[in-house]
Amino acid sequence: PNISNATREEEVSNEGKQTRSSEDWREGRRIVELDVLATGLRACLKCGLPLQLGHTIDIQTYGLGCLLKVQCFNTICMHVNSVPTGKRHDRVWDVNSKLATALVHSGLGERQANSFLSELNIPAFSYKLVSARLKEVGNVVEEVAKESTNEALEKELAAVEQKKGKLVVAVDAGWQKRGSGRAYDSKSGHCSMIGPEKGKIINYSVRSKECRVCSRAESRNESPRKHACYRNWEGSSKGMEADMVIEMVKDVQSKGCTVAALVGDEDSTTIGRVRANISNSIEKMSDRNHLKKILGNSLYSLKKNHPVLTVKIIKYLQSCFNYIIAQGEGNPEQIAKDLNALSKHPFGDHQCCSSRWCKFLSNPKSVFKSFPQGKLSCQKKPLTCASLQKSLESVFEGYAKNSLKLSTVGSTQANESFNRMVSAKAPKHVHYSSSGNLNYRVAASVAQKNTGHRYLVNVNKKLGLSPGYHTQRLARLRDYQRSKQRALATTRAFKRKRLEKKAKMHQKLASAEVREGVSYQTGCSLDAAISDDIQSIPAPVITPEYLPLEPKTLNDSSMTYFDVETTGLGRDSHIIQLSAVNSQNTKFNRYIKPARPILPQASEVTGLKFQNGKMYHDDREVQSIGISNALTAFILFLKEIHNTVLVGHNSKIFDVPILITALEKNGLLNNFMSSVKGFIDTLPLFKECIPNQPSYSQPKIYNTLFGELYSAHDSMEDVVALRRLFEKISPSLVLKSKFSGTYESVMQLYQHRNCTKGLLTTLRPLTNSKTITNCMATKIASSGLGLSHLKLAHKRDQQQGIENLFTELCGHPSKARVTKSKKIIQATSTYLNDLEE
């Protein structure tokens, strides 16, 4: 399409024709004030008869407002009435002015708002229209913001005078483009001045290096037309902050207020220029949050040469530092003494510590919760690295020398909060700097910070618009929510919950990083080697559980009772007898030739022996067949009855795993799956139905209910007895469902056990060396970890890697993947460390 003559306000269709809004008033949706529309339809302006909306013949759209051309149905009159869909002021539609206010308040631009409206099938508005309305609204928003800062200044001064103190203000700047750390080239920036007593903005300033009108005129070598130019800075982006602070301080002092001190980050340029341009008596106070970050940077740089200085220890030292600064406010001698003691405190030397922050003075048996444990104890022990202690002494000695400065610190947290508010109304990825749009949005943030969302009501009133019920209602609701949130945020329970949530997040992140290995690493240089640490450790595996069969499924199914006799008592035993009986009393019984010797203990219990290729039961020869033939016959037996459920005693633990293992080895698992709906284990079912029994073995329960014995451990006799027991107890469908399992869930549990068994084999060196118990090895393997995974985690982050892996949260919010025991973690780490050496 030819778009050489297209302007910003035009939209070009595929045919090269300018698209226009549809003239059909029935097409799409409109924003309508029902009261205004009802009034307009009340009577024809010429004959006085009521009008009908259905008689509309045309529509004229003005942004979000429109005029409906409604023809009078009186055949004599036929007058075409212009019925508005909303209110107007000075020929401007109220809804369009409110649209501009909404864009500023919500942080949307023309394109985003039109995308939103078009999805609702509401006609889009033009850039030219919203630009004009933004100028109308923006000036009022700036006026409201300025009024709020003047009011905040008066309240701040009153609070300072009441305390007989000096005016101290916190200043901080923000930019509309993120800096890379080396290059700061944002075309605009803003700065706020906040009084710490009331936490309100008492002044603000905006700088911009660009104006759209001026730039366009310069590109055409023309003089710019007369306009409101918002370009007010020609210097570098970094230089904006100092200039804005100087402007704000001068403005405040012009109102008869003397600024005694500035709270800000550690930028010495700003305070230097303020003193040079205003007064040398203005003090500079550090921000406690910036001090904490600077300390953290110093400690993290030490971590490279001292691996024992873990992240937890660094955070512990930062917390102690913060506490020392807070407790020593106005007392530089105390701060200097405590900071010098802090370099000795982590190493168990508490002679110089203060009882205000050191718990070891009151309880010498206390432990460092964030520190590593000793070799012979699970208790957390002090650090012992002499070189680290010397490095820490050097770090804290530098802070102690500046104790006077540290005794009077402030906070720019409120300024940071304001900067986030500005970034919501003027997102950094959208360019608002070349017009007054940025000033309007910063002003809106100022007004919201000082007065809450009700500033919108003030803006509407100054525009001569009705704020509206819903606007006022939501403003009240948002302000109430904010005040409630602030009240909750100061409570100890909220802070503890926030710290716990943060700790869980860090734990989750640390565990993920250990499992993933190197997931993000720079490789910009030509000779950069490709990282070979790309193997991932499996995520936590949660042991599957039986999913119960639905009562309806059980009601439509028939019961088949089964039992197996095996060569031993382990799950790796082979089946030597397989028996079953169904609800029609059809019996199935096969003796099976074992592929391994029958253990004497099993032979003594079952009476089965296999000698010279022949099977004997109680010294009587019985016919035996191969396992494959026996299982094939069993499947054919089950297929004779549709929707069958296998019922066995203690089958979940023993019979089912052994049966599935045999089916899988002989390639009959899929065929078997189509014949069975699920399983029921009668052992827990009998415990529920017949409580307080000394034993729940099948022969004991049978004797209790029938007062007789049967030939137990003959699987044919067992299934017949089990059927009698089951029918005697006659459990409800709910109980049957409770102790049942679907075939799918049984298979998942079976596969999980096989995987655990394979991983457990790799962990034998740990159990053989008595590093961990067999039970703990099973727990490790059950979570999806083998020895190779432990070695990988240890290689990546030594003991901390093992700890992050073992303590990874899974399933229940507080349940560890393996264990939180420091003793087991250290023992495993020590073994792996010795293995590497």
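Colleague: In this model, helix H4 (residues 127-163) packs against helix H14 (residues 437-451) at an angle of about 40 degrees, and their axes lie 8 Å apart. Why are H4 and H14 called oblique to each other?

Modeller: This is a predicted model, in which local features need pLDDT of at least 70 and side-chain atom pairs count only at pLDDT 80 or more, while totals for chains, interfaces and linings use all residues. Residues are numbered from 1 along each chain as its sequence is written, and side-chain values use heavy atoms, leaving out hydrogens and water. Angles under 35 degrees count as roughly parallel, 65 to 115 as roughly perpendicular, over 145 as roughly antiparallel and the rest as oblique. The angle between H4 and H14 is about 40 degrees, and the two helices are therefore oblique to each other.

Colleague: What makes residues of H4 and H14 count as meeting?

Modeller: Contact means heavy atoms within 4.5 Å. Residues in H4 that meet H14 include Leu134, Val141, Ala145 and Ala152, and those in H14 include Tyr440, Ala443 and Val446. The residues of this contact divide into 10 nonpolar, 8 polar and 2 charged.

Colleague: What classes do the residues in the contact of H20 with H21 belong to?

Modeller: The contact of H20 with H21 has 7 nonpolar, no polar and no charged residues. Ala, Val, Leu, Ile, Met, Phe, Trp, Tyr, Cys and Pro count as nonpolar, Asp, Glu, Lys and Arg as charged, and the others, Gly among them, as polar.

Colleague: Why are H30 and H31 called oblique to each other?

Modeller: Helix H30 (residues 787-806) and helix H31 (residues 822-836) pack at about 130 degrees, with their axes 10 Å apart. H30 and H31 are therefore oblique to each other, and their crossing is left-handed. Among the residues in contact are Leu790, His794 and Ile802 in H30, and Ile825, Leu832 and Leu835 in H31. By class, the contact of H30 with H31 has 8 nonpolar, 7 polar and 5 charged residues.

Colleague: What is the helix and strand content of residues 143-170?

Modeller: The span is 75% helix and 14% strand, and its end C-alpha atoms lie 23 Å apart. Helices (H or I, at least four residues) and strands (E, at least two) are DSSP runs. The UniProt annotation "coiled-coil region", from an unreviewed entry, covers residues 143-170; such annotations may be inferred rather than shown by experiment.

Terms used. Axes are lines fitted to C-alpha atoms, for helices over the stretch in contact, and angles run from 0 to 180 degrees between N-to-C directions. A crossing is left-handed if the near helix is turned anticlockwise from the far one by less than a right angle, and right-handed if clockwise.
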